[in-house]
Protein chains: 2
Amino acid sequence: MTQANFNDVLAQYQQDRNKAKSESKDNSNLRITVLGGGSFGTAMANLATRNGCDTIMWIRDQDAAKEIQETKINKRYLPDFTLEEKLKVSSDLEASVKDRDLILVAIPSHSFRKVLKQIAPLITAQAVVSLTKGIEKDSFCFMSDIIRQELPEVPYGVLSGPNLAKEIVQGMPAGTVIASHSEQLRNAVQGALHSALFRVFASDDVHGVELGGALKNIYAVAMGMGAAYNVGENTKSMLITRALAEMSRFAVRLGANPLTFLGLSGVGDLFATCNSPLSRNYQVGFALGQGKSLDQAVAELGQTAEGINTIEQVKARSEELEVYMPITCALYEVIFNHAPPLSVALSLMENGHRSDVEFVLPHQSDS
Amino acid sequence: MTQANFNDVLAQYQQDRNKAKSESKDNSNLRITVLGGGSFGTAMANLATRNGCDTIMWIRDQDAAKEIQETKINKRYLPDFTLEEKLKVSSDLEASVKDRDLILVAIPSHSFRKVLKQIAPLITAQAVVSLTKGIEKDSFCFMSDIIRQELPEVPYGVLSGPNLAKEIVQGMPAGTVIASHSEQLRNAVQGALHSALFRVFASDDVHGVELGGALKNIYAVAMGMGAAYNVGENTKSMLITRALAEMSRFAVRLGANPLTFLGLSGVGDLFATCNSPLSRNYQVGFALGQGKSLDQAVAELGQTAEGINTIEQVKARSEELEVYMPITCALYEVIFNHAPPLSVALSLMENGHRSDVEFVLPHQSDS
């Protein structure tokens, strides 16, 4: 059987389900706006349109907006894919945000706050959902923190999961998590985006869900470094679980639930990221593992990797919060203080913690 | 840098640590017996010997025992590796079990109970630890259940994790989990097996730890099936997390802690198993995904796969316990009732559960 066949059968399945669901909700009254026209924002705007929502995708660049509106192709980010006919594309921020139900923000972390400040005067009853993974530079704010600061009183949520946009638009089965304290918001996002090929799971652990997406890049760097040493499956598995241990330890310190890391936004996204040898984070790690300096590695790649910034930020923050994060600290020493890459492997072998999952069996001071 | 270099530096690190640890425990009084001379039992016996324990490996076959004792090579299971000089190999069960401190049982699940029955009269103060992953056929007993039934009152534990024996004897960094309600037993096993290259983490969730090792093969079959359809990273990640969801759901029903699945014996072992395209489980899944019948798949492989039996057992047990396990049930239907392999993908997309991690946000009946 071929891939085409696979998608055919799933499409048939989706049709059958929709037919059977005579009580199925009518989405035509749900007004969705996606801010940002990168690959993920575009994929989500397209899904919402396909689900029958009245959908606008806002792009700052007027020419790009016009071109996508006319051609239904996002040449820069998803050049091989034709978007839904009914998707509206606009560069008019006010018209895109006013009188809408749900604003999905897919703006890079360094501009996230600026765009929220711009839309603040336009917000009346709209709910706001971040589609962005990352941490704001200097402030160490997560996207939900920025929403709370810039748009207090607004119902908000974050969407995160192992979601390569290219696979989503190709119709490969995928899942994501909408985290919000508001059940109504979770239901609205599920209504707008859920389909037979794109499952939207719910959570109320906002910080836990966004931390998975924000921290995972650290461990993709470590995984690339390990690949330079040709490490085996045992070692990779240990790296993944020790990564989860320190991610969840950090998250719990910020009030998250460690169990969230068992889900799509935790293990799921970490698995996808660490299994992507083509990602920049992995490749920087690989170069560092070969004994190259950060400057050499970045020069070879032609660009920096998000994970390097994250390591710097999380190292500093973990020290302030006194959270034990041996892998992150070892990576920091390799990248910024010329420690040998092997110290990352050694950090896995340290005796600081001897419990497998500390939330099951607390660490003993004497072992 | 080469792999050799990697091991050199780690070995140096281990030496330095050992030197620094002047207070380090003397293991020469710890008497360890490993029952069974398969690859993993041999690797563990070798580690204990290297750690200074008085170690015997018991093998039923007299000729094989004699040959390994003389050549220090386990020709059948680890032909490329020379064992520690001090490791004793014996086929005398009574001499191997009497007056020992720790009995590590590395006997396949189908003979596990029989061997415990044989040693029962010899047990006085020995502790017993299972190194075996699996479920006893028909009884649906885990190895800890069998120990409790056959050797009541004996302190017991289970060891499980992503532990390919070949990588361990090559000195690649690895970790494992010892689970026991007895802190003394956990400390003894850590003392016997822990080293700079083989970390032994502790847990008191016996059922949780052994369930990870017992159930993971199910999902290796599913992963192989997915590979036949050339599924993307989004889908693989969803499979992994939905697998963890149903494994932990099942485990919690048996009294385990869901957080255990965040650790080496859960996510760790699942990751290693699902990333091993050469495993029999993966290959049977791949053949089934290509539309072959179970008989055809097994004929091609020349042998059956453990995961197939596990699917049958767990399907039946999950129905008795009323635990929702859609992936396992879908695999069962494909393998035994000629359902199309695609129904496994569909099982991921079903709407039965819409919470990402149900222990964080309980499922709602209306969504």
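**Exercise 1. Work out how helices H15 and H16 of chain B pack.**

*Solution.* Start with the geometry: H15 (residues 326-337) and H16 (residues 342-349) of chain B pack at an angle of about 160°, and their axes are 8 Å apart. Here axes are lines fitted to C-alpha atoms, for helices over the stretch in contact, and angles run from 0 to 180 degrees between N-to-C directions. Helices (H or I, at least four residues) and strands (E, at least two) are DSSP runs numbered from the N terminus.

Next, classify the angle: H15(B) is therefore roughly antiparallel to H16(B), a label used for angles over 145 degrees. The crossing of H15(B) past H16(B) is right-handed, meaning that the near helix is turned clockwise from the far one by less than a right angle.

Then list the contact (heavy atoms within 4.5 Å). H15(B) brings Pro326(B), Ile327(B), Ala330(B), Leu331(B) and Val334(B), while H16(B) brings Ser343(B), Val344(B), Ser347(B) and Leu348(B). Sorted by class, that gives seven nonpolar, two polar and no charged residues. Nonpolar covers Ala, Val, Leu, Ile, Met, Phe, Trp, Tyr, Cys and Pro; charged covers Asp, Glu, Lys and Arg; the others, Gly among them, are polar.

A word on the model: it is predicted, with local features needing pLDDT of at least 70 and side-chain atom pairs pLDDT 80 or more, while totals for chains, interfaces and linings use all residues. Residues are numbered from 1 along each chain as its sequence is written, chains are lettered from A and ligands numbered from 1 in the order written, and side-chain values use heavy atoms, without hydrogens and water.

**Exercise 2. Describe the link between S3 and S4 of chain B.**

*Solution.* S3 (residues 73-74) and S4 (residues 78-82) of chain B pair in the antiparallel sense over two bridges. Ile73(B) has Thr82(B) as its bridge partner. A hairpin through three residues joins S3(B) to S4(B).

Terms used:
Angles under 35 degrees count as roughly parallel, over 145 as roughly antiparallel, 65 to 115 as roughly perpendicular and the rest as oblique. Two strands pair if DSSP finds at least two bridges between them.
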